[in-house]
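Student: I would like to learn how to read a structure like this one, feature by feature. Could you take me through it?

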Amino acid sequence: MYFDQKAFADPPYEEPARQNFFIEKCRSIIEERNSGRSLPLTACPRAFGCQMNARDTEKLAGILQAVGFNIVDDDGADLVIYDTCTVRENADERVFGRLGFLNNMKKHNPDKIIGVCGCMTQTPGMAERFRSRYRFVDLVFGTYNVYKLAELLYRRLTGESQVIEIWDKADFIVEDLPVKREYSYKSGVNIMYGCNNFCSYCIVPYVRGRERSRRPEEIVEEVKRLAADGVREIMLLGQNVNSYGRGLDRPCSFAELLYKVSEVDGIDRIRFMTSHPKDLSDELIEAIASIEKICRHLHLPLQSGSDRMLERMNRRYTKEGYLDLAARIKKAVPGISLTTDIIVGFPGETEEDFEHTMDVVEQVRYQSAFTFQYSPRTGTPAAAFPDQVPHQDVQRRFDRLLRRVQEISAQLTEEGVGKRGLALVETVSEKNPGCVTGRLGNNLMVHFPGDESMIGGIYDVMLTEAKGFYYMGRLEK
Ligand code: SAH
Ligand code: SF4
Ligand code: F3S
């Protein structure tokens, strides 16, 4: 009698072998379901948050594809997973609203599988909320066990009605599972997970846990594999890349990691996110200046220009310190463009505090800035601060800041006209099909004549016209 040894084998204990085992198991089930259909089952993993979430979502897509789903961008898919962000207070309710819509779709497609993962699920009371009021959500997992999707899905496919698995921490890292990249020519690379900084407004350390760095050899290996697969630009990802390497058996600073990664052939451009100003070392400035592959762009979140606010935010730098750092970077790396994050209306912020923020904006002249109105995030210390700023004051300051940021941004863009730059072509221009859209080293976009065959290539472009925050250009021979 034919006896399928594998079908009865116990799942291995080790990772990632265990997940590969469950990928196979799920694949048999999905293949069987697909065999009775004209088109394969579809899956839509959707990212709502930062670059970390986007990268996690590519991992979810990789696993779902390996299992046999056709990956689509459509909430009507047979399997939908929302990879959530919870950095602002109202984000959660929006997710629950959208889940309601998915539930309606489920009425027409009872086999539809709905999943929720990511930062929101790591906030208190979530498991209970899904168990009691959102029974139609089939899979719920957190930020620490994204890699376990196949195992959790297998449990759902083999009879469990709702699979909820949320951990409150993890001190290990599982990698080397399938990944489906959104772009063929560029990729994020996680170099560390979690955050130890506890800025008083921020939920991230509570939902992503303590800082854990991957070993440099593993990172370099991954970058080599990406290069072999056609990737030309990588973005090294961490909540605070400047503290990379602390806690490794064999210490390695972020600057050292950059030197190692820059040696990988085939990778032409290196970016990284995010740099906390308090940990930006001279060694790192030196590395940025001397490694040609590092793009001339640095995202350096300011949050506020007021020492009093910075102290209450627990940012651990001062306005002077930040300005000095920005000046040193600009001096060491001529032409570098700086971008930032700014929060307006942090508890206790006065007009005078806000003027300090405006002053830094004037002095540093950011190429662009993400501006946020402070949102009291439950679970963070600042949400309980007594002196919340009235909304109309926040709105007024915010509008003023945004206007100024945009003016400066347009001026800086204008200054680039008549210069040349290397652009990595990302897409065919939506508005103008005879043009392609490329990203310059400083992160600005340029539209210039071209076609689809140029996607993923790097071209020398003359910037002929500024259009606020992007350029029109022409190909240099
Ligand atoms: N680790 C990164 C970014 C994390 S969150 C860093 O340190 O810069 C991205 C941005 O969201 C933050 O830089 C901050 O500007 C903003 N943010 C975080 N919590 C917020 C809150 N409660 N209200 C408003 N903006 C917030
Ligand atoms: Fe949040 Fe601060 Fe950590 Fe950034 S560094 S993730 S803002 S706690
Ligand atoms: Fe949001 Fe989580 Fe990123 S809360 S900003 S998705 S780390």
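This is a predicted model: local features need pLDDT of at least 70, side-chain atom pairs count only at pLDDT 80 or more; totals for chains, interfaces and linings use all residues.

Student: Let us start with the ligands. Which residues are around ligand 2?

Tutor: A shell is read by listing its residues and then sorting them by class. Around ligand 2 lie Cys-195, Asn-197, Phe-198, Cys-199, Tyr-201, Cys-202, Val-204, Pro-205, Gln-239, His-276 and Arg-315. By class, that shell has 7 nonpolar, 3 polar and 1 charged residues.

Student: And which residues surround ligand 3?

Tutor: Ligand 3 is surrounded by Gly-49, Cys-50, Asn-53, Cys-85, Thr-86, Val-87, Cys-119, Val-204, Arg-208 and Gln-239. Its shell divides into 5 nonpolar, 4 polar and 1 charged. Val-204 and Gln-239 are listed for ligand 2 and again for ligand 3.

Student: Which residues touch the most other members of the largest nonpolar core?

Tutor: A core is a set of buried nonpolar residues joined through their side chains. The largest one here has 60 residues, and Ile-234 and Phe-254 touch the most other members. Helix H14, residues 391-415, gives this core its largest share, 6 residues. Apart from this core lies another, of 29 residues, including Leu-41, Ile-63, Tyr-147 and Leu-153.

Student: What is Phe-254 in contact with, beyond its neighbours within four places in sequence?

Tutor: With those neighbours left aside, Phe-254 is in contact with Ile-191, Leu-236, Val-241, Asn-242, Tyr-244, Phe-272 and Leu-284.

Student: Now the second largest pocket. How much space lies in it, and which lining residues are closest to its centre?

Tutor: The space in the second largest pocket is about 740 Å³. It is lined by 30 residues, of which Arg-296, Gly-335, Leu-440, Gly-441 and Asn-442 are the closest to its centre. The elements that give two or more residues to this lining are strand S13 (337-344), H14, strand S15 (420-428) and strand S18 (458-466). By class, the lining of the second largest pocket divides into 12 nonpolar, 8 polar and 10 charged residues.

Student: How do I read a helix? Which residues of H6 are buried?

Tutor: An α-helix has 3.6 residues a turn, so residues three or four places apart point the same way. In helix H6, residues 149-157, the buried ones are Leu-149, Ala-150, Glu-151, Leu-152, Leu-153 and Leu-157. These buried residues pack against helix H2 (17-35), helix H3 (51-67), strand S3 (79-84), strand S4 (113-118), strand S5 (139-141) and strand S6 (163-165). After H6 comes Gly-159, with a positive phi near 125°.

Student: Is Leu-60 buried or exposed, and why?

Tutor: Leu-60 counts as buried because its relative accessibility is 0%, and the cut-off for buried is under 20%. Leu-60 is found in helix H3. Leaving aside neighbours within four places in sequence, Leu-60 is in contact with Pro-45, Ile-81, Asp-83, Cys-117, Phe-141, Val-146 and Leu-149. Leu-149 is one of the buried residues of H6. Sequence distance and spatial distance are separate things to check: Leu-60 and Asn-145 are 85 residues apart in sequence and 11 Å apart in space, C-alpha to C-alpha.

Student: Why does Glu-256 count as partly exposed?

Tutor: Glu-256 counts as partly exposed because its relative accessibility is 38%, and that class runs between the 20% and 50% limits. Glu-256 is found in helix H9, residues 254-262. Neighbours within four places aside, Glu-256 is in contact with Pro-251 and Glu-283. Glu-256 and Ala-287 are 31 residues apart in sequence and 8.2 Å apart in space, C-alpha to C-alpha.

Student: Last, the backbone. Where are cis peptide bonds found?

Tutor: Look at omega. The bond from Glu-15 to Pro-16 is cis, with omega near 0°, and Pro-16 is placed in the loop between helix H1 (5-8) and H2. Another cis bond joins Met-273 and Thr-274, where omega is about -5°. Thr-274 lies in the loop between strand S11 (269-273) and helix H10 (282-290).

Student: Which residues other than glycine have a positive phi?

Tutor: Phe-198 is one of them, with phi near 50°. Phe-198 is in the loop between strand S8 (192-193) and helix H7 (204-208), and counts as partly exposed at 31% relative accessibility. Arg-365 has a positive phi of about 55°. Arg-365 is in the loop between helix H13 (351-364) and strand S14 (368-373), and is partly exposed with a relative accessible area of 26%.

How values were computed. Residues are numbered from 1 along each chain as its sequence is written. Chains are lettered from A and ligands numbered from 1 in the order in which they are written. Side-chain values use heavy atoms; hydrogens and water are left out. Helices (H or I, at least four residues) and strands (E, at least two) are DSSP runs, numbered from the N terminus. Buried means under 20% relative accessible area, exposed over 50%, partly exposed in between (1.4 Å probe, protein chains only). Contact means heavy atoms within 4.5 Å. A residue is near a molecule or strand if one of its heavy atoms lies within 4 Å of it. Ala, Val, Leu, Ile, Met, Phe, Trp, Tyr, Cys and Pro count as nonpolar, Asp, Glu, Lys and Arg as charged, and the others, Gly among them, as polar. A nonpolar core is a set of buried Ala, Val, Leu, Ile, Met, Phe, Trp, Tyr and Cys residues joined through side-chain atoms within 4.5 Å. On a 1 Å grid over the protein atoms alone, a cavity is a set of points where a 1.4 Å probe fits but cannot get out, and a pocket is an open set with protein on both sides within 12 Å along at least five of seven lines; lining residues have an atom within 4 Å of a point. Grid points are joined across faces, edges and corners, and a volume is the space filled by probe spheres set on the points.
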